[in-house]
Amino acid sequence: MQCRMVELRYKEVINICDGCRLGFVGDVEVLLPEGRVTALIVPGPCRFFGLFGRGEEFYVPWECIKQIGDDIILIDKPVERRPPYQEKRKRRRGGFF
């Protein structure tokens with residue numbers, strides 16, 4: 001199968017370890033002297049309707065890719081899930097601020 005890098009952006013990345021949909025390919029890491037693809041980079045999920053940026057990116061090494069299909073890329077990589085960030089509020093005593 002022959003595929004251009006532009007076409008990779010329209011392929012969804014799915015982890016076969018847990019069936020999780022990571023998202024679409026955002027970038028490709030290439031080793032320049034050899035012209036060899038070393039990894040795919042998938043942007044993290046949006047935070048609060050996209051107003052506060054995105055979460056951490058998923059870095060998928062080329063060795064973890066099991067199959068590239070017409071519309072999806074199957075990977076075999078355990079992904080660490082972190083609990084959502086929870087900010088601790090400090091109580092202020094006295095005054096309005």
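Why does F58 count as partly exposed? The relative accessibility of F58 is 21%, so the residue counts as partly exposed (buried is under 20% relative accessible area, exposed over 50%, partly exposed in between, with a 1.4 Å probe and protein chains only).

This is a predicted model, in which local features need pLDDT of at least 70, side-chain atom pairs count only at pLDDT 80 or more, and totals for chains, interfaces and linings use all residues. Residues are numbered from 1 along each chain as its sequence is written, and side-chain values use heavy atoms, with hydrogens and water left out.

F58 lies in strand β5 (residues 58-61); strands are DSSP runs of E with at least two residues, numbered from the N terminus. Opposite F58 stands V42. G44 is 14 residues from F58 in sequence, and their C-alpha atoms are 6.5 Å apart in space.

An open sheet is formed by three strands in the order β3-β4-β5, with antiparallel pairing (two strands pair if DSSP finds at least two bridges between them). β3 and β5 are at the edges with a single partner strand each, so one side of each has no neighbour in the sheet. The pairs are listed below.

| Strand pair | Bridges | Residues opposite each other |
|---|---|---|
| β3 and β4 | five bridges | V30 and V37 |
| β4 and β5 | four bridges | V42 and F58 |

β3 and β4 form a hairpin with four residues between them. In its turn, G35 has a positive phi of about 75°.
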